[in-house]
Amino acid sequence: MKGLRLSLLVLGVFSLCCATAGDSSGVKKMRMQFATGPLLKFQIISGYKRVFEEYTQALYQRYPDIRIEGENYLPIPLYHISSFLSMFKLLVIGVIIIGRDPFAFFGMQAPGIWEWGQGNKIYACMMVFFLSNMIENQLMSTGAFEITLNVPVWSKLESGHLPSMQQLVQILDNEMKMNVHMNTI
């Protein structure tokens, strides 16, 4: 019975690894395919999705031939830490459910919280799950709203605020004029 539990845990972890490995960047793409002009790229966190959609609609009205892409901004080092924490969370929950003492494997005395967790498995698993998710979300919440048009044109991480629509239009006008000027030279 314990072998079955362990094999189910290993299978679950393996399937989670395979599911996340299919899209190596882990990035959700939001594309507007029908335009053919220059590529305006937004890198945002999920909290700014509505702002991205509003900017996209307004920019398509002003620049009908522009291509706009939006994707989730993932800070690479923190993304790896968050991914590790997510996998470690599942391992800890599996060990709690199985009931094996991992401290005995290392020749250590089990702490009191482990004993409490074995007596209260449901609460312990929920606590591990929610605390881990809280830490993962905190690691991934960067507040990013980055805009590039071949080169970076706006960074909320550097400026500390979102561009107004007027600022964004002015920046894009300047960049497009510069690109046209560079192409004629």
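Guide: Welcome! Helices here are DSSP runs of H or I with at least four residues, strands are runs of E with at least two, and both are numbered from the N terminus. By that rule, the chain has eight helices and five strands, in the order α-β-β-α-β-α-α-α-α-β-β-α-α from the N terminus on.

Visitor: What kind of model is this, and how are its residues numbered?

Guide: The model is predicted, with local features needing pLDDT of at least 70 and side-chain atom pairs counting only at pLDDT 80 or more, while totals for chains, interfaces and linings use all residues. Residues are numbered from 1 along each chain as its sequence is written, and side-chain values use heavy atoms, leaving out hydrogens and water.

Visitor: Why is Leu 168 called buried?

Guide: Buried means under 20% relative accessible area (exposed is over 50%, partly exposed in between, with a 1.4 Å probe and protein chains only). Leu 168 has 0% relative accessibility, so the residue counts as buried. Leu 168 lies in helix 8. Across the chain, buried residues make up 30% of the 185 residues.

Visitor: What does Leu 168 touch?

Guide: Contact means heavy atoms within 4.5 Å. Leaving aside residues up to four places away in sequence, Leu 168 touches Phe 42, Tyr 55, Leu 59 and Ile 147.

Visitor: What makes a set of residues a nonpolar core?

Guide: Its members are buried Ala, Val, Leu, Ile, Met, Phe, Trp, Tyr and Cys residues, joined through side-chain atoms within 4.5 Å. The largest such core has 23 residues, and those with the most contacts inside it include Leu 40, Phe 42, Leu 59 and Ile 147. Among the elements giving two or more residues to this core are strand 2 (39-44), strand 4 (145-149) and helix 8 (165-184). Helix 2 gives the most, with five residues. A second, separate core of six residues includes Ala 110, Trp 114, Ala 124 and Cys 125.

Visitor: What makes up the contact of helix 5 with helix 6?

Guide: Trp 116, Gly 117, Gln 118 and Gly 119 in helix 5 meet Lys 121, Tyr 123, Ala 124 and Met 127 in helix 6. Ala, Val, Leu, Ile, Met, Phe, Trp, Tyr, Cys and Pro count as nonpolar, Asp, Glu, Lys and Arg as charged, and the others, Gly among them, as polar. The residues of this contact therefore divide into four nonpolar, three polar and one charged.
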